[in-house]
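Please look over the sequence and the structure shown here. A short report on selected local features comes after them.

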Amino acid sequence: MFQRRSLLKVAAAGGAAALVPWGRLTGSTAADATQGGELAASVPFAHAMPLPAVLHPTRRTATSDLYEIRMRQVQAELVKGLPTTVRTYGGTFPGPTVNAWRGREVVIRQINELDVPTAVHLHGAHVLSQHDGLPMDTIAPGGERTYHYPNKQHAASLWYHDHAHHLEAENVYRGLAGLYLIRDPREELLPLPSGAHDIPLVIRDARVEADGSLVYTRPTDCPHMLVNGKERPYTKVTARRYRLRVYNTCVNRYIRLRFADGTPFTVIGTDGGLLEKPVQTEDLLMLGGERAEIVVDFSRYRPGTSIVLENTAALSTERPEILRFDITRTAVDLSHVPHRLTWRPPLPTPTVERSFELRTFPQMTINGQVYDPNRVDVTTRLGTTELWTITNAEAPTPAGRPDFHLWHSFHTHLTYFRVVQRNGNPAGPRDSGLKDTVTLAPGETVKIKMTWGPYTGQYLYHCHQLGHSSGGQMGRIDIVD
Ligand code: C2O
Ligand code: CU
């Protein structure tokens, strides 16, 4: 069990950030009063890992699947034995998974039965501006809005989450997040693990008090790691390959995943879907908003054994365990990972270059400015290919200090990008594929390129540490004809 005292020590070790009130750092109005209570005990492997509920359409037409979601407050058991009040899509934590098919429209009627405004953003989707869930395009308590998603894009692991201005971090933290998987009949022909062997892992931190209340506060005070809504669960697998869709939905921290025995695994996809070629690794660094699809071969373990997935970026006061896989029995496995997974057309040569500098201090800014929905920061023409240089302007911290608040994860709406360079070197495996979110440690610089489209209108780019975007680390891009 973790004592309040040791957590305070960590906060004190956080240096300058510890001196800045959390609320001011993040734009949150709610957080500063919350440093008090006693933590719920952290008991690993007490829950069987559930799969997120699947949402069923209320109606299907020739072209579209229609859904309805009521955002409402319910109680969920995050930590074993404790009821916790959460904000949900449709009463489940995380929200229900929407299964979409490429080329078939999804229409979701979102009804806000919460007492806070919300805006629903489909992260990773090509959608019209009025369906993008912009920060000022909110649904008032008691109101509703219908969002249209064309799904004219590759198969990929998306997610929907709240984006209401200044509220998104806390809303997502309190539960307003759910998966949205776009499938493609052509991708289904690949021999990858599928069906019951294709499993999402939605990973996030939390702080649950001994009385069950969920407290929104700085990530160094959030020691409860949840997978699919439960603290550090276990799951039974057979000795064969599995496809795991890993999401980091933490609002304010990165995770670094690794199997306890260093077992390698195969990355087959990232934010924008499958990679052209699979990549072997033992270690996965993910900041909030990022996705990785990996194939793990459990046939290397004897039935009856267990293997733990760990977070090597856990604080010294936290448990590293995230999830335990229990290997139950041998299994026939006809799946494999082909050497070539897909083909992506190369992007045209960029004709416009821009630079963006992200800062944590003295406040959350991009190029020195705080988000203003009425100020257009970037205007570009539909179809323009651009090269963006993104810099995390904070200096690196001495090793071992918690520095979550100094990291940034740069996210673009509407379009995917490719990472061209990291710190002057060609992008490595961790930056491969189509990305919509890229991680920057303090002092790092990345170059990304993207083609703006397929729609005109008002969109966003921002840091996906949602405490940062809530605090104004966000810009407006208008795409014009
Ligand atoms: Cu997932 Cu604008 O965000
Ligand atoms: Cu940031």
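The report below covers a metal site, some backbone features and a pocket.

## The copper site

This is a predicted model. In it, four residues coordinate the copper ion (ligand 2): His 408 through ND1, Cys 463 through SG, His 468 through ND1 and Gln 473 through OE1. The distances run from 2.0 to 2.1 Å. Along the chain, these donors follow the spacing H-x54-C-x4-H-x4-Q.

The angles among the four donor atoms of the copper ion (ligand 2) are 97 to 130°. The site counts as tetrahedral because, with four donors, all angles have to lie between 85 and 135 degrees, and the angles here are 97 to 130°.

Are Cys 463 and His 468 buried or exposed? Cys 463 has a relative accessible area of 0% and is buried. His 468, at 3% relative accessibility, is also buried. Both count as buried because the cut-off is under 20% relative accessible area, and their values are 0% for Cys 463 and 3% for His 468.

## Cis peptide bonds

Most peptide bonds are trans. The bond from Phe 93 to Pro 94 is cis, with omega near -5°. Pro 94 sits in the loop between strand 3 (83-89) and strand 4 (95-101).

Gly 453 and Pro 454 are also joined by a cis peptide bond, and its omega is about 10°. Pro 454 belongs to the loop between strand 30 (445-451) and strand 31 (457-463).

## Positive phi angles

Most residues other than glycine have a negative phi. Asn 228 is not a glycine, yet its phi is positive, at about 50°. Asn 228 is in the loop between strand 11 (224-227) and strand 12 (230-231). With a relative accessible area of 3%, Asn 228 is buried.

Asn 367, not a glycine either, has a positive phi of about 50°. The loop that holds Asn 367 runs between strand 23 (365-366) and strand 24 (378-381). Asn 367 is partly exposed, at 40% relative accessibility. That label applies because partly exposed covers the range between the 20% limit for buried and the 50% limit for exposed.

## The largest pocket

What is the volume of the largest pocket? The volume is about 390 Å³. The pocket is lined by 18 residues, and those closest to its centre are His 126, His 154, Thr 415, Tyr 416 and Leu 434.

By class, the lining has eight nonpolar, seven polar and three charged residues. Domain 1 (4-186) and domain 3 (352-480) each supply at least three residues to the lining of the largest pocket.

Notes:
Residues are numbered from 1 along each chain as its sequence is written. Chains are lettered from A and ligands numbered from 1 in the order in which they are written. This is a predicted model: local features need pLDDT of at least 70, side-chain atom pairs count only at pLDDT 80 or more; totals for chains, interfaces and linings use all residues. Side-chain values use heavy atoms; hydrogens and water are left out. Donors are N, O and S atoms within 2.8 Å of the metal (3.2 Å for Na, K and Ca); water is not among the atoms, so sites may look incomplete. Four donors count as tetrahedral if all angles lie between 85 and 135 degrees; four count as square planar and six as octahedral if opposite donors are over 155 degrees apart and all others between 65 and 115; anything else is irregular. Buried means under 20% relative accessible area, exposed over 50%, partly exposed in between (1.4 Å probe, protein chains only). Helices (H or I, at least four residues) and strands (E, at least two) are DSSP runs, numbered from the N terminus. On a 1 Å grid over the protein atoms alone, a cavity is a set of points where a 1.4 Å probe fits but cannot get out, and a pocket is an open set with protein on both sides within 12 Å along at least five of seven lines; lining residues have an atom within 4 Å of a point. Grid points are joined across faces, edges and corners, and a volume is the space filled by probe spheres set on the points. Ala, Val, Leu, Ile, Met, Phe, Trp, Tyr, Cys and Pro count as nonpolar, Asp, Glu, Lys and Arg as charged, and the others, Gly among them, as polar. Domain bounds come from an automatic or database domain assignment.
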